[in-house]
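Hi everyone, thanks for making the time. Let me put the structure up on the screen, and then I'll walk you through it.

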Amino acid sequence: MPNPPIKPGADAPRLYQRRVFRQSKWEKRERLYLLVHDRGKYLMSIKFPSLDYFTALKREMALEQERFKRLGFIDTTFGIGVSQNGSWRNFVLVFEVFELKEVQEVSELNLGQLDFAIVGENNVWREMIENIKRHGQADTAHDLNTLTHFGEALQVRYAEPEGHDKLYRFMESIQEFFDLSSKLEVSF
Amino acid sequence: MAFYADKDYTQDQSVLEAMAAVMQGQLTLHWFNARTEKIKAAPQDPRRGLTYQDIDLGTYGYRSIPEFVRNQQSMVARGSEKVGKLPDMGYLVNRRSDVWSDNVVALYEESKARRWAPAVDVPWAELDRCPLSSELERACAQLYTFAQECALVELDFPARWVALINQEFIELKSFMCAQMLDAARLLEAFRKRALYGGEGLGRASVSAEQGLKEWLWADTYPRGSLCINVLLGGFLLALYRQVAAFAPSKVDRVIMGYAMQDMARHVSYGVGALKYHLQHQPEQKIALNAFLDEAEHVLLGLLGSPELIEPLIIISGGGLAREQVRSGCTAVRKFVELEHSEYVRRLRYAGLERSDTRFQRTVGQLLAG
């Protein structure tokens, strides 16, 4: 598997730059969401990987606040990298308190500005999401801990161990976040 | 008794008369004029509620704790007015950089927000619905016996030190109490899991316990924290992740999922405390490196304990058949590599460079063999 376009450490030649979406673009996404989501049912499938997928999970997480409050604060910023046919789609997820505060698609992941990044081939992500859809939540063979454990299916990259440990400090919330995929119709 | 108050208050006429007067409505209200800072606290984020970060204000804040705490040996609440003859508590740890970590306040708030209850948050009945094979259940019983020994030491370490640390470090001492609660909860979960499975407990591990005692009784707090929070905590975090990844039942996966959350906080504190310690006392690098040369062998006492490694092989391989054992051995070998590499990386991040040590050479030989 080729290396993902990650610049490790603070000395990366090009700093990860936050993309600022124009309001109109967000509004379009909201309209799209309303189009595909009608009273708990998805009328259209959402493509993975895409910003729409994570935006839909963000919305689902907001609807499940009680569930996430029970798990406790989640304060972490991490990256997701998905490789397909040699090209990468990268996303940055900013969690704060009980919600996904912000999600952006970026050209590359700068580990110096992230707690950690989970990266891997699209077919591994796909298997996880399909497994979640089948069972309502990931089974042991397909949860994030198992997939990342030895770095053979998905890899965890990080600049600082303290950031890396946040993956485990917030693992239950992060897994529950991905388990919300069971409520989406996802295409690949 | 080790300490007697400076008077017997049943014999102090002035105290008794003052109390009688107050009870008749003659209030003195002298405390109305306490010479303290008048500050109004408010939560920065209502979703979190009022946190310790929100009251890090003025003379009450943890930011104002000096590196050397002098002339503060009583149990007075930080920031309150000190009058009269307050008792000397005899605190032995009075230097901020011996105990502090920049993340400790957030970790304390997080530990409360992310609490769980083994009695109700673990789906115990799943073990009735899908019972394990006899050999897997026995392996689990043994593994959870070992895990309890470690949890007891995780509980004892903060308990041993918390009363010896200066009361100025309120937030840190609160976090240490949270660590005790975490350890007690893990002990509870592991014990319940072993007994729910029907196999009872297994055997205690001599090599693990001998080594754990050595770490627990390290002669200073920074050394003990390095041993218990970083070495043992890092080892247990990797172990919990391993068991979760190869969990033979949903019950084991859920327990280990919560356990890794709790232990990751301890590791984060331990690494943060070591980093803070070395930033403020860089001369300790040589001493701590020398200390680790002697202390690291305990990791091999843990890893080499048959009461741990054999059940871990069976759980990781899925059983006792030849192929399963072979597969389990491969997985455990990877576990040892993972644990070792993360340990070295954590120390480097904190400021300790470990290379070509006796421990590393021994692990390298074992993995090569």
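This is a predicted model: local features need pLDDT of at least 70, side-chain atom pairs count only at pLDDT 80 or more; totals for chains, interfaces and linings use all residues.

Okay, let's start with the pocket. Look for α9(B), because by the element definition used here that helix gives the largest share of the lining of the largest pocket, six residues. Of its 22 lining residues, the closest to the centre are A:Q137, A:E172, A:E176, B:V254 and B:Y258. So which elements supply at least two residues each of the lining? From chain A you have α3 (65-71), α5 (144-148) and α7 (171-179), and from chain B there's α9. By class, the lining has nine nonpolar, four polar and nine charged residues.

Now, on to how the chains meet. Here 37 residues of chain B are in contact with 33 residues of chain A. The area buried between them is about 3,200 Å², and carbon and sulfur atoms give 49% of that. On the chain B side, B:R47, B:R48 and B:R114 lose the most area to chain A, together 21% of what that side buries.

How many salt bridges are there between chain B and chain A? The count is eight. B:R253, for example, forms a salt bridge with A:D143, with the closest N and O atoms 2.8 Å apart.

Technical notes
Residues are numbered from 1 along each chain as its sequence is written. Chains are lettered from A and ligands numbered from 1 in the order in which they are written. Side-chain values use heavy atoms; hydrogens and water are left out. Contact means heavy atoms within 4.5 Å. Buried area is the accessible area (1.4 Å probe) that two parts lose on being put together, summed over both. A salt bridge is a side-chain nitrogen of Lys or Arg within 4 Å of a carboxyl oxygen of Asp or Glu. On a 1 Å grid over the protein atoms alone, a cavity is a set of points where a 1.4 Å probe fits but cannot get out, and a pocket is an open set with protein on both sides within 12 Å along at least five of seven lines; lining residues have an atom within 4 Å of a point. Helices (H or I, at least four residues) and strands (E, at least two) are DSSP runs, numbered from the N terminus. Ala, Val, Leu, Ile, Met, Phe, Trp, Tyr, Cys and Pro count as nonpolar, Asp, Glu, Lys and Arg as charged, and the others, Gly among them, as polar.
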